[in-house]
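Please examine the sequence and the model below.

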Amino acid sequence: MVKLYEGGAYLVNGSDLIPDSAGALAAVESKTGVKTTKENAAKGTMAYDILSSHNTSGNMENLKIKFDKLTSHDITFVGILQTARASGLEKFPVPYVLTNCHNSLCAVGGTINEDDHVFGLSCAKKYGGIYVPPHQAVIHQFAREMLAAGGAMVLGSDSHTRYGALGTMAVGEGGPEIVKQLLEQTYDIPMPGVVAIHLTGRPQKGVGPQDIALAIIGAVFKNGYVNNKVMEFVGDGIDNLSVDFRIGVDVMTTETTCLSSIWRTDDAVKEFYEIHGRTADYKELQPAKVAYYDGVVEVDLGKVKPMIAMPFHPSNVYTIEELNNNLEDILREVEKNALVSLDNNNIDFKLTDKIRNGKLYVEQGVIAGCAGGGYENLCDAADILRGKTIGADEFSLSVYPASQPIFMELVKNGRIADLMATGATVRTAFCGPCFGAGDVPSNKGLSIRHSTRNFPNREGSKVTNGQIASVALMDARSIAATAANKGYLTAATDIDVEFTKPKYYFDKSIYENRVFDGVGKADPSVEIKFGPNIVDWPEMHALTDNVLLKVVSMIHDPVTTTDELIPSGETSSYRSNPLGLAEFTLSRKDPAYVGKAKEVQKVEKARVAGTDIYTEDARLKEIYDTIQAQFDIVPEETEVGSVIFAVKPGDGSAREQAASCQRVLGGMANIAREYATKRYRSNLINWGMLPFVFGEELPFDKDDYIFVKGIKQAIETKNDNIKAYVVNKGMKEMELHLGNLTDDEREIILKGCLINYNKKN
């Protein structure tokens, strides 16, 4: 089904793979007549070609990328624009799309969601952007329909910014990276590795894109095979996939922790652009005659069966057949493993109680968002369900077309009527079910979803309040098959169905009549409209020579997601208010965090104000006496901040608030074994926080103080061996590391945050 190469390989003539070995180059020359080197062959990938055409550094080892287009949604664009405004923004230098697909319901917090939308429209008018009103399209579907272009690069402030199937290299990053592009700065990264995703064969009838995606995620996530690399899709199996199918696989590449993705394009992609009235945006992409890849993921499409990702991660995958055949054993194993993620003895987490008459019963099905709400997914689901009913028991099914044009065509061709006749409900384009702001299951409920993630609490439950629900990821077709069996888990390959595959017609007038397009028409006279919840970032200060950190949280889970660092769901309404949102930091993982961080912040505020720091923490006098016995330091000139330890933080969303919320509460650093994603580490840096790495046995615990001597000098001199000391009735030395930092990243940390950096420059 899925096979990983142990080393790299050469792809020749776009189809044949030659594993890297002593005789590989001779075999390449024999097959192609091309004499080359590994270094030259590495330039033959599509990824290299696109990155080189967007690199401004003149050095392909250290890239400085300028993107062609930008995109954000309504729980990220307010903070981004506020940061950019504070940094001197005058107009958008490239097309920037502001979509409204996360806080669309305007259901929490009074007027504040709609206030954000009005703010976004006024900024699009003032700075020359594109504004997509609520319910028109989810961010990524609009980008596919109107923004993607062959050979282009798009940066988005959402982790699922992936348009590789259309020939666009797209990257999801935290908001500060969007700010840099708005200020005509660059996205700085080392040249990423490129891994071939070699597709062969043809999917079985009933197998959908989510099945292929989950099979790949299950093979590569835990071993980090594609971490921070580009996944390049090649092989003749691509010819057997529709563009909608390719898009459905592509969007899920985010869950592998890769940097980006790119696919070979063909006439099917050309037709996609023709259908959407953008023929000129098509570009044929394919690897050179000889291309070298740092790794290969072989996928035999014909061997992939309907899959299910069990709680609480997209990589926790089984075939539906395997699960049904070993139901009790697998459910007990999932229950056992879930205790690591839940980390709460008050929660009685059960899945074995879903077994009814030897079958798994689920209470809810959802097909939605950038992954599930595509035209072909919903047409196939309608074909499976036509003439059937989902029943009148607990099971419910809701469907969210990814855009109004898709919705309109489904209405015209009758598929919406087919779905509604079964008892399913059909909603507008909305990302809510993907992050806990819509279709929240009941306590202890199990929901199957064609969406992107199934992290703990992601569906809206609150473990700290005694609530727990679960999400399992599946393809739309198997969700429909399960719905046809009234909630009993069923693979789509077990259903007798003829897929009708109706042709898609795109009606561009829907956007022409409703979307504001101000590209190239910035109007400085427009006044920005602020709601009472839209608050400026608090002041942040430059780094001092030495720092004193207090450990306020210790997270020992194997991976910590951004949903655990700052929850999604109803908290998203407060993302325009840095201090208001910060009150939710770690609330579903470590409820004591906010209070502890604030206590440390009081000390730093007293230091900055020049008042007595010792009145804020009775331990400080003893701590500083211990430090001063060894080092000549001045407490009043030493910045004090909080720090959290997590084994591997930052998996999941690109949301910058996972870092900024710590920062506005006085957070100065994270200490980790490693960082799950580049984007989370970048968020820390852009908010002036120190992304420390420590690989040895932990010499500290919660409430300990860590003194870091000469941190400012270490950053200035690029010294990565940083001496630190655990201060606890003595000084225990430890060595921290920051890893590779660009010159700009060093300056950002020294200045205290990206806003301060840009104010100076």
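In this predicted model, Glu184 is placed in the loop that runs between helix H7 (175-182) and strand S10 (187-190). The phi angle of Glu184 is near 60 degrees, a positive value in a residue other than glycine. Most residues other than glycine have a negative phi. Is Glu184 buried or exposed? With a relative accessibility of 52%, Glu184 counts as exposed, because the exposed class begins over 50%.

A positive phi is also found at Asn228, where the angle is about 60 degrees although the residue is not a glycine. Asn228 belongs to the loop between helix H8 (209-220) and strand S12 (230-234). Its relative accessible area is 27%, so Asn228 is classed as partly exposed; that class lies between the limits of 20% and 50%.

Another backbone feature concerns a peptide bond. Most peptide bonds are trans. The bond from Pro311 to Phe312, however, is cis, with omega near 5 degrees. Phe312 is located in the loop between strand S16 (307-309) and strand S17 (317-319).

Attention may now turn to helix H10, which spans residues 267-275. Which residues of H10 are buried? They are Val269, Phe272 and Tyr273. Viewed down the axis of H10, these buried residues fall within an arc of 95 degrees, and they therefore line one face of the helix. The partners against which the buried residues of H10 pack are helix H6 (139-146) and helix H9 (243-250).

Just after H10, Gly277 adopts a positive phi of about 70 degrees.

At a relative accessibility of 5%, Ala424 counts as buried, since the buried class comprises values under 20%. Which residues does Ala424 contact, when its neighbours within four places in sequence are left aside? The contacts are with Ile390, Leu397 and Leu419. By comparison, Leu183 is 241 residues from Ala424 along the chain, and the C-alpha atoms of these two residues are separated by 46 Å.

Notes
Residues are numbered from 1 along each chain as its sequence is written. This is a predicted model: local features need pLDDT of at least 70, side-chain atom pairs count only at pLDDT 80 or more; totals for chains, interfaces and linings use all residues. Side-chain values use heavy atoms; hydrogens and water are left out. Helices (H or I, at least four residues) and strands (E, at least two) are DSSP runs, numbered from the N terminus. Buried means under 20% relative accessible area, exposed over 50%, partly exposed in between (1.4 Å probe, protein chains only). Contact means heavy atoms within 4.5 Å. The arc is that of the directions from the helix axis to the C-beta atoms.
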